[in-house]
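Please open the model in your viewer and keep the selection panel at hand, as each stop on this tour says what to pick and what to look for there.

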Amino acid sequence: MTATRAPVPWTPPTAKEPVATTVRLPGSKSMTARALVLSAIADGPSTLRRPLRARDTELMAAGLRTMGAQVSTLDDDRWVVRPNPLAGPAHIDVGLAGTIMRFVPPLAGLADGTVTFDGDPRARQRPLGPLVGALRSLGVQIDSSETGGLPLAVHGTGRVTGGEVEIDASASSQFVSGLMLAGAAFERGVVVRHAGPPVPSAPHLRMTALMLRAAGGAVDDTTPDVWAVQPGRLSGRAWVIEPDLSGAAPFFAAALVTGGEVTLLGWPRTSSQPVDRLRALLDEMGGEVSLGTEGLTVRGTGAVHGLDADLSDVSELTPVLAALAAIANSPSRLRGVAHIRGHETDRVAALAREIKALGADVTESHDGLEIRPRPLRGGLFQTYDDHRMAHAAAVIGLAVPGVEVDDVACTSKTLPEFPALWSAMVAGH
């Protein structure tokens, strides 16, 4: 038996001068995942232009293919989805992707046959129970673990009655999105009512509603905490996937850290992603954000300021903003992100532990972090298989020599090219 070799740590480059670069990133993971699901239940073929090719989206495509949809991903820039009746038996590997474990089980209820789900060890710890309970109340037969999560077995009958359902989606907005995306194919549609603490990541729910409407779905989201999707046929269409804003965050942070300038090429004039919120946060921390003919540009002003912000609507930005806070010129308080304890890792605890190990003064609260900058030192930064932790380490490494990332390969989850793009940016080519 051969012992498993630990990955060789990656040392992110330290910037000796301001970065000045343009970056073309692949498509948004969130948009790619939603387009794949909607295309799989449409009434005709769809294409995805400039989708994200990464572990999460390839596993999503493979899962839909396993249930019968024809999904061609041979062309990096143009994926083609041809819907077919969904059927089991099928097994779906969710990896560590929340989008798969929350968007695909509602589709599996529409399949004729049993569809099973499992994934990485950490995936079994990610919140799933509220979605499972909601699907059961809508008439879907599901076997789950004792905690209500993975592994799952959905015993589809080819139809879901649908109707009204109440759910506590405070752990993840994806519970609501998963029901909405499949809801038009339910016989009575679906009306999702949230009961509980506020739903995080509200921009993602707006994205779901916008994309459903673009596919011909009738969605009413005008009542707070209620989302109603009418039954009806969805149309196949051409989806143009925007560049990934959350994937761009570490590159934009590099402009602040180094006092440089980074442009994300191909950014659209109007977006379903929370660009205005990111613009405000980076502006408060010392950046200047502008949208020009080339794309979205962030310029550093030579100083990084602390931040006091509720990040509940943009929680995926927390790791990068925490990294900026660690090298800022004043304290920061990042709050409203208790739900990211249930992401790829407990991000609140992991960020507190790793940033503190580099010398910062960090206090962990139930829903966030208080970070008081101190002189930082190099050291090994643990990622816990979480791509956003690697992004945070790379940002700190721009200003602090000797930072090492224990497993940069985890960035393949959403951006396999990250180490090469990052090194090229700092090298100036």
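A search of the whole structure finds 4 aromatic pairs, where rings of Phe, Tyr and Trp (its six-membered ring) pair if their centres lie within 6.5 Å, with planes under 30 degrees apart counted as stacked, over 60 as edge-to-face and the rest as tilted. This is a predicted model, in which local features need pLDDT of at least 70 and side-chain atom pairs count only at pLDDT 80 or more, while totals for chains, interfaces and linings use all residues. Residues are numbered from 1 along each chain as its sequence is written, and side-chain values use heavy atoms, leaving out hydrogens and water.

Select W10 and F418 to see an edge-to-face pair, with 6.3 Å centre to centre and 70° between the planes. The two residues are 408 apart in the chain, W10 lying in the segment before β1 (20-23) and F418 in helix α12 (residues 418-427); helices (H or I, at least four residues) and strands (E, at least two) are DSSP runs, numbered from the N terminus. Both W10 and F418 are buried, meaning under 20% relative accessible area (1.4 Å probe, protein chains only).

Next, select strand β10 (residues 190-194), where 4 of the 5 residues are buried. Strand β9 (residues 163-167) pairs with β10 in the parallel sense over 5 bridges, pairing being counted if DSSP finds at least two bridges between two strands. Strand β12 (residues 226-229) and β10 pair in the antiparallel sense over 4 bridges, and there V190 stands opposite V229.

Methods
Buried < 20%, exposed > 50% of the residue type's maximum accessible area, 1.4 Å probe, protein only.
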